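Please open the structure in the viewer and keep the selection tool at hand.

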Amino acid sequence: MSERNYWQRMKHRQLSRRSLLRASARAGVGAAGLALVGCGGDDDDDDDDDQPAAAQTQQQADQQQQAMQQDQAEQQAEQQAMQQEDQEQQAAVAQAQQQEQAQQTAQATGGPKRGGILQHSWFEDPSGGFDPHIGVSGGDALGYWQHIYDRLIGFDSQARVTPMLASNIEIPDDVTYIFTMRDGAIFHDGAPVDANAVQLNMERIRDTEDLAGGTRNRGGIAKAANFEATDASTWKMVNTEPFGPTLVFFQQFPGTGLLISPEHFDTAITNPVGAGHLKHVVHEPGERWVGERWDGYWDNENVHLDGFVQNIIPDQNTALNAYLNGDIDIFFPTGGINSDFRADLEADGRQVIQGTAQTWTMSWFNLNPNANEGMNIFRDPRLRHAYNKALDRNAINDVAWEGLGQPARANVSVESWALPKDKNYYGEQDQQMAHELMDAAGFGDGVKGVQLSFTAEFQTVVTEPVNAQLRDVGIEMEFIKGTEAVIIDRLLASTDWTISTLSWESPFDPDPVLRPKFEGLQNWMYGSPEGGPRTGRADLSQYPNDQVLANLQSTEQLVWDAAIPASQDDRIPLYEKVFEAEAEHMWSAYIAQWPAGWTAQEHVEGFELIPFFGFPKGLGYKYLWFNNI
């Protein structure tokens, strides 16, 4: 509604009977007085009027008082309603003005234009290749796969489900999901993206282990009793029991919903063929990956650029210099963009968008009883709690990101709908308590071990202050860094490390983070070294005296319980039990959530941030265009 229409409507608002009553009350005439005026005056003494005049006067006064009190309440209620309506209308006016301004800006630049190659930078090559069904890295998913493969469903800026390759999703009961495929959508090789293609993809995901030997990408079908293509356009899945996060796994990176053309399953790792907005052209390891806009894309009206070059630049300073020199169009400083940096960028005509990233740094503890001597000392919960109390998360955030990130408060994203806004399950740093816990565990003279970390700078800037704070309380960790692929392999072997402090992705639902963690911890405990990494889940029937395993399984059950209801409101109190159990056992320690800060050259248009996700709208390519073409 325009501002003019709003004020015209207010001007012509009719005077209601209630308004008349209020006016009369303010003039000293109550409802009884109005009734007398309406009937006219009567000076005769009526035989039926057997009340004394004084009593009548008092009765009228009481009626007037009651009417005034009632009217005051009505007046207050209506004022509140009008204030709320005014606020809503003002918000609508502001939104309309913003939309009009955006339209004027688009008109001034000629609107979205076709053409141009977007130059971007990423910190590493795909660590697991281009096959999203076997890959486990969020870096691979967000840096590469997101452009090649479209998902079945997506999400909007409020994290609500939106259609992508599936044009519609029906949930007729609490276990049934019906996906209607988008008419006319095709893969890069021309094959139809139909229900049969979905079925083949789901069968492959079901039967394929990821590179870590796990099932990270099976979340969407993990509870499926059966699934099938009921016809060419309809794919149906029926779960064994209600499972609230089902659709989340089809949205996440990586996840269940990334579809490969079935004819190219075997070559996807090096020659990917999907149905995304970019078609794979070439990958030059250590140099770049190139994709080109694909004219057969179902949503091509929102793809304006001709192509995309992912420049592989491991060093952050080198990448920044490339951006400042104009060789990169969009840049993501993994340490965030502080106020001084932002001022400098904007003074040079560059754009900046900021928020909270959906990635954080966390520590895993080696709980494998078969690990090398001294590497699994954190099986003792007192040492895990000592580790937690050694950390000052606010200081780590300040050192790593100048306060632009968010200190962790539980084993879930600080942006999660499941985490109470005022609750801190980790508490504050308490070095004295850390010493007391270490002494009680028999390590009063200190703790020694190995701490793993990625070499990427965005990871190092967090783990180095963590390592320093641990040393302050006598937890001496040998700090070993390596590439993501090398460190993950060593992590999964679970033999020669004590703590691993690594980055992790945080979708908006807690389940895709919590449940795989507990599955992984139990798979690592007894799966190596004898049988190799993750060769089998530890079972209490085989190890009935392992209290760590028993506590792990009881906590994992709480995670499963919290996943059952479809409603988020019903799940929130169930997740409180999970967080409380995590605080009791300290199975892992979350450190801090990263800041999100993106900057783009002046010629980039359509540059907006997805608030809770920390990535630009369109994930850094779709919806963008250049105004200098």
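Select tyrosine 623, which is placed in the loop between β18 (604-605) and β19 (625-626); strands are DSSP runs (E, at least two residues) and helices likewise (H or I, at least four), numbered from the N terminus. Tyrosine 623 is not a glycine, yet its phi is positive, at about 80 degrees. Its relative accessibility of 25% makes it partly exposed (buried is under 20% relative accessible area, exposed over 50%, partly exposed in between, with a 1.4 Å probe and protein chains only).

This is a predicted model, in which local features need pLDDT of at least 70 and side-chain atom pairs count only at pLDDT 80 or more, while totals for chains, interfaces and linings use all residues. Residues are numbered from 1 along each chain as its sequence is written, and side-chain values use heavy atoms, with hydrogens and water left out.

Next, select glutamate 402, in the loop between α11 (393-401) and β13 (406-407). Its phi is also positive, near 55 degrees, in a residue other than glycine. Is glutamate 402 buried or exposed? Glutamate 402 is exposed, at 55% relative accessible area.

Finally, select helices α16 (residues 547-563) and α17 (residues 568-585), whose axes come within 8 Å and cross at roughly 165 degrees (axes are lines fitted to C-alpha atoms, for helices over the stretch in contact, with angles from 0 to 180 degrees between N-to-C directions). Therefore α16 is roughly antiparallel to α17 (the term applies to angles over 145 degrees). Display the contacts (heavy atoms within 4.5 Å): residues of α16 including Asn551, Leu558 and Ala563 meet residues of α17, among them Arg571, Tyr575 and His585.

Conventions: Parallel < 35°, antiparallel > 145°, perpendicular 65-115°, else oblique.
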